Amino acid sequence: MLENIRRYRQDLHQIPELELDLPKTQNYILNILNSYPCQICSPIPSSVIAYFNNHKKKTIAFRSDMDALPVEEKTSCTFKSRHNGRMHACGHDGHMAMLLGLADYLKENYKRLNVNVLLIFQPGEESPGGAKLMCETGFLDIYHVCQIYGTHLWPNLKKGLIATKTGPMMARSSEVDIDIHGKKSHAASYQQGIDALEIAANYLTEVYSKVKEIPGEVPYLLRFGKMYSGDIRNVVSDHTRLEGTLRALDDAVYHQLTDILKSTAKKYPGSFDFHITEGYPPVKNDAALIEKLLTFLPDLVLLNKHEIISEDFSWYQQYVPGVFFFLGTGTGIPLHNDHFDFDESILEKGVQNYIQILEHTKSIG
């Protein structure tokens, strides 16, 4: 099994593609699955779903993301990206390899299971959120999916360790853009203008101060990483744009953060335009499923820490119960890093975790 999984990962690592446009990645997966005893379709462009129909009432689904990142690879591996400025720096090549490894198992074993199995290869996890587009096609209902599982490689966990968390595990996230409009004037007569840059600086400082006062231990985040303003050094700026991110595990805190953004703006001159994306819901794992998993997965570790990182696997959990796992790489190399790499032997552990779930479907309903 490991030999195939390693080959899948290394092949896919060399052809990274972005967002929802993944023709080479899709074709690679199709070329493997077309000879397998499964029904194949593509709910949205570049996606692949493979249905192993065992003529049962219920279906268990497993999902992998497919897209890469706009990162120039700097690893020394022999199977580096062949696409300049693009890299599988978040482990999605490994996620796909695990699902293809699971397909290898299903090819010979699906008929002895007491469920149907659906493998989901989904584009656009990093952006713009392919999971929501997939779910909106209604395919989960069409294939009678009753449970869904997914896995993400995780650098700060011990190599090969599989972990999850009951309830909220990863944050809800949105992108925040704020346009502040003022009035131009020469710097020598700045009093005649409305300085959008000064407003933005004061506004941002006040927002950060208010955010720090939110009580509670559940993690949240509101930070701006980009600000640009004005045209020339000696003219008061009439426009400033702030670009940032908003994340929270609790919906009440999320709305409190958006209220701070908008209410604070009311005290300043000029005008504010807000654009806050819908983003991804929080990843919330089904407690009943995890309780059952623990009865036959003795090595499964339960985490006590939330992650402020987001994942669009959460959209599937809006429709059916699901559990998301972390699979430790043990390297400490951060996700999205241009040196991201891992020992492919851990991927076999991820596949075996999926197989155990399928082998114990009577235990989990």
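Biologist: On what basis are features reported here?

Modeller: Because the model is predicted, local features need pLDDT of at least 70 and side-chain atom pairs count only at pLDDT 80 or more, while totals for chains, interfaces and linings use all residues. Residues are numbered from 1 along each chain as its sequence is written, and side-chain values use heavy atoms, with hydrogens and water left out.

Biologist: At what angle do helix α1 and helix α3 pack?

Modeller: Helices (H or I, at least four residues) and strands (E, at least two) are DSSP runs, numbered from the N terminus. Axes are lines fitted to C-alpha atoms, for helices over the stretch in contact, and angles run from 0 to 180 degrees between N-to-C directions. Helix α1 (residues 2–13) packs against helix α3 (residues 92–109) at about 140°, and their axes are 8 Å apart. That angle makes α1 oblique to α3; under 35 degrees counts as roughly parallel, over 145 as roughly antiparallel, 65 to 115 as roughly perpendicular and the rest as oblique.

Biologist: Which residues of α1 and α3 meet?

Modeller: Contact means heavy atoms within 4.5 Å. From α1, the residues include I5, Y8 and L12, and from α3 they include M96, A97 and L100.

Biologist: How is strand pairing read, and which strands pair with β5?

Modeller: Two strands pair if DSSP finds at least two bridges between them. Strand β3 (residues 59–65) pairs with β5 in the parallel sense over 5 bridges, with Q147 of β5 as the bridge partner of I60. Strand β14 (residues 322–328) also pairs with β5 in the parallel sense, over 7 bridges; here F324 in β14 stands opposite G150.

Biologist: Is β5 (residues 145–154) mostly covered or mostly uncovered?

Modeller: Buried means under 20% relative accessible area, exposed over 50%, and partly exposed in between (1.4 Å probe, protein chains only). In β5, 9 of the 10 residues are buried, so defined.

Biologist: What is the strand order in the open sheet of 4 strands?

Modeller: The order is β9-β10-β8-β11, with antiparallel pairing. Strands β9 (220–229) and β11 (271–276) are at the edges with a single partner strand each, so one side of each has no neighbour in the sheet. On average, neighbouring strands of this sheet are turned by 20° against each other, direction ignored. Strand β8 (residues 172–181) is joined to β11 by 6 bridges, and S271 in β11 is the bridge partner of H181. Helix α6 (residues 196–211) packs on the sheet, and its direction makes about 170° with that of β9. Helix α7 (residues 251–265) also packs on the sheet, its direction making about 160° with that of β11.
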